[in-house]
Amino acid sequence: MIRSILFAAFLMSSGTIFSQNLKTVSYQDGSQKLNGLVTSNAGKKLPGVLILPAWKGIDDEAKNAALELEKQGYVAFIADIYGEGNIPTNMDTAAKNSGFYKKNYEAYQKRITLALDQLKKNGAVADKIAVIGYCFGGTGALESARGSLPVVGVVSIHGSIGKDQSRANGPIATKILVENPADDKSVSPEDYNNLIKEMNDGNADWQIITYAHSKHTFTDPKSPDYNAVMAKRAWNHTLLFLKEVLQ
């Protein structure tokens with residue numbers, strides 16, 4: 001009982017922290033309204049990090065990442081990929097909506113580009129921007145590199161790393177870090193090997209770190225897959241990578 005009360009209090013306090021430190025930024029893709037979140041240091045000329053959330057849209061993991069990145073001296077912006085009125089409320093809808101953007105990758109790249117524009121409008125130095133993404137957002141991080149979007153580095157955190165093999169491999173100038181859970185059943189050996197071939201074909205600066213005893217959503221404290229030790233290591237690897245490419 002006491003633990004439940006304490007947990008509820010923690011969630012309430014977390015919501016208060018989010019509301020105090022993250023500001024809603026509304027922007028458009030044609031007639032579709034999008035609602036992203038930016039850190040409280042918006043407006044300062046600082047390196048920027050775009051956060052692409054998991055398949056249910058903006059969640060606490062993305063918000064926590066933004067707040068932590070602000071402490072590291074970055075302006076962080078959480079993208080709204082789906083748009084107002086299209087946020088999934090269950091797993092089936094999340095799978096359908098994310099599947100659309102995985103298939104229609106140019107539409108995904110466009111939504112990421114619009115979010116990057118907002119990040120720059122909120123103070124991020126244009127030539128010092130990176131992208132990190134979780135799950136579906138990890139796919140988006142890789143699409144940022146594939147699409148030659150104006151970013152210097154991307155981090156795919158337990159992302160879906162496969163792509164349609166009918167798409168030709170092209171040059172990749174963006175530095176890439178893939179944080180891959182060893183026991184992620186959504187990543188096949190073929191996907192893994194094809195990604196390495198794609199990055200080598202593109203002469204990319206790439207690195208894959210595999211985390212032992214970790215299932216798909218190993219970085220999310222709310223997930224049954226959560227692995228605290230490996231999640232901490234993954235975050236430290238993310239910060240090290242961002243420091244290299246942005247500072």
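**Exercise 1.** Are H4 and H5 roughly parallel or roughly perpendicular to each other?

*Solution.* A note before we start: this is a predicted model, where local features need pLDDT of at least 70, side-chain atom pairs count only at pLDDT 80 or more, and totals for chains, interfaces and linings use all residues. Residues are numbered from 1 along each chain as its sequence is written, and side-chain values use heavy atoms, leaving out hydrogens and water.

Step 1: find the helices, which are DSSP runs (H or I, at least four residues) numbered from the N terminus. H4 spans residues 105–121, and H5 spans residues 136–146.

Step 2: check the axes, which are lines fitted to C-alpha atoms over the stretch in contact, with angles running from 0 to 180 degrees between N-to-C directions. They come within 10 Å and cross at roughly 90°.

Step 3: 65 to 115 degrees counts as roughly perpendicular, so H4 and H5 are roughly perpendicular to each other.

Step 4: look at who touches whom (contact means heavy atoms within 4.5 Å). H4 brings Tyr105, Tyr108, Gln109 and Ile112, while H5 brings residues including Phe136, Thr139 and Glu143.

**Exercise 2.** Work out whether Thr174 is buried or exposed, and what surrounds it.

Step 1: Thr174 has 4% relative accessibility, so it counts as buried (under 20% relative accessible area, with a 1.4 Å probe and protein chains only).

Step 2: leaving aside residues up to four places away in sequence, Thr174 touches Ala145, Leu149, Val151, Val152, Gly153, Val154 and Asp205.

Step 3: a polar atom of the Thr174 side chain lies 3.4 Å from the backbone oxygen of Val151.

Note on methods: Helices (H or I, at least four residues) and strands (E, at least two) are DSSP runs, numbered from the N terminus. Buried means under 20% relative accessible area, exposed over 50%, partly exposed in between (1.4 Å probe, protein chains only). A polar contact is a pair of N or O atoms within 3.5 Å; within protein, one must be able to donate a hydrogen and the other to accept it, and residues adjacent in sequence count only if both atoms are side-chain atoms. Angles under 35 degrees count as roughly parallel, over 145 as roughly antiparallel, 65 to 115 as roughly perpendicular and the rest as oblique.
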